[in-house]
Amino acid sequence: MGTIKVENIRLYAYHGCLEEEAKIGSDYRVDVSVKANLKASSISDKLVDTVDYVHLNLIVKQEMAIRSELLEHVAKRILDRILKEIQLVAKAKVSVSKINPPIGGDVEQVTISLSKSRK
């Protein structure tokens, strides 16, 4: 078993419960970590035998473009797609961070993390 990480994916999106967030948007950071059997790819040196991190990044970008009120909802959609579309993945973890959230204080970011394993 091995781990592939795609870290600090930076995006601009429109998530949040406030109307202003839907209109003006915010900066976000997404981190993805997947566990998979990487033995075959370590021997074959072929992309087809591993988890393509370009595919992981594409899933994140597409799901972040769909507005949600809660970051938990976005993270769950990302996890569900990873496990549905990439059969080699046994477990995935996604962290979604909102940079400079509008919460009435000097806060750098808020982050939620969810993980899911294949059944």
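Strand β4 gives the most to the lining of the largest pocket, with 3 residues. This pocket holds about 200 Å³ of space. The model is predicted: local features need pLDDT of at least 70, side-chain atom pairs count only at pLDDT 80 or more, and totals for chains, interfaces and linings use all residues. Residues are numbered from 1 along each chain as its sequence is written, and side-chain values use heavy atoms, with hydrogens and water left out.

**Largest pocket**

- A pocket is an open set of points on a 1 Å grid over the protein atoms alone, where a 1.4 Å probe fits, with protein on both sides within 12 Å along at least five of seven lines.
- Its volume is the space filled by probe spheres set on the points, with grid points joined across faces, edges and corners.
- Helix α4 (71-85) and strand β4 (109-117) each supply at least two lining residues.

**Fold layout**

- The chain has 4 helices and 4 strands.
- Helices (H or I, at least four residues) and strands (E, at least two) are DSSP runs, numbered from the N terminus.
- Their order from the N terminus is β-α-β-α-α-α-β-β.
- The C-alpha atoms fill a box of roughly 50 × 25 × 20 Å along the principal axes.
- Of the contacts (heavy atoms within 4.5 Å) with a separation of 6 or more, 60% join residues 24 or more positions apart.

**Surface and charge**

- Buried residues make up 39% of the 119 residues in the chain.
- Buried means under 20% relative accessible area, exposed over 50%, and partly exposed in between (1.4 Å probe, protein chains only).
- The accessible surface, from the Shrake-Rupley method with a 1.4 Å probe, comes to about 7,300 Å².
- Carbon and sulfur atoms account for 53% of that surface.
- The chain has 19 positive and 16 negative charges, and their mean positions are 8 Å apart.
- Lys and Arg count as positive, Asp and Glu as negative; His and the chain ends are not counted.
- Each charge is placed at NZ of Lys, CZ of Arg, CG of Asp or CD of Glu.

- N8 is not a glycine, yet has a positive phi of about 60°.
- N8 is found in strand β1 (residues 2-13) and is partly exposed, at 30% relative accessible area.
- N100, also not a glycine, has a positive phi of about 50°.
- N100 lies in the loop between β3 (89-99) and β4.
- N100 counts as exposed, at 56% relative accessibility.

Conventions
On a 1 Å grid over the protein atoms alone, a cavity is a set of points where a 1.4 Å probe fits but cannot get out, and a pocket is an open set with protein on both sides within 12 Å along at least five of seven lines; lining residues have an atom within 4 Å of a point.
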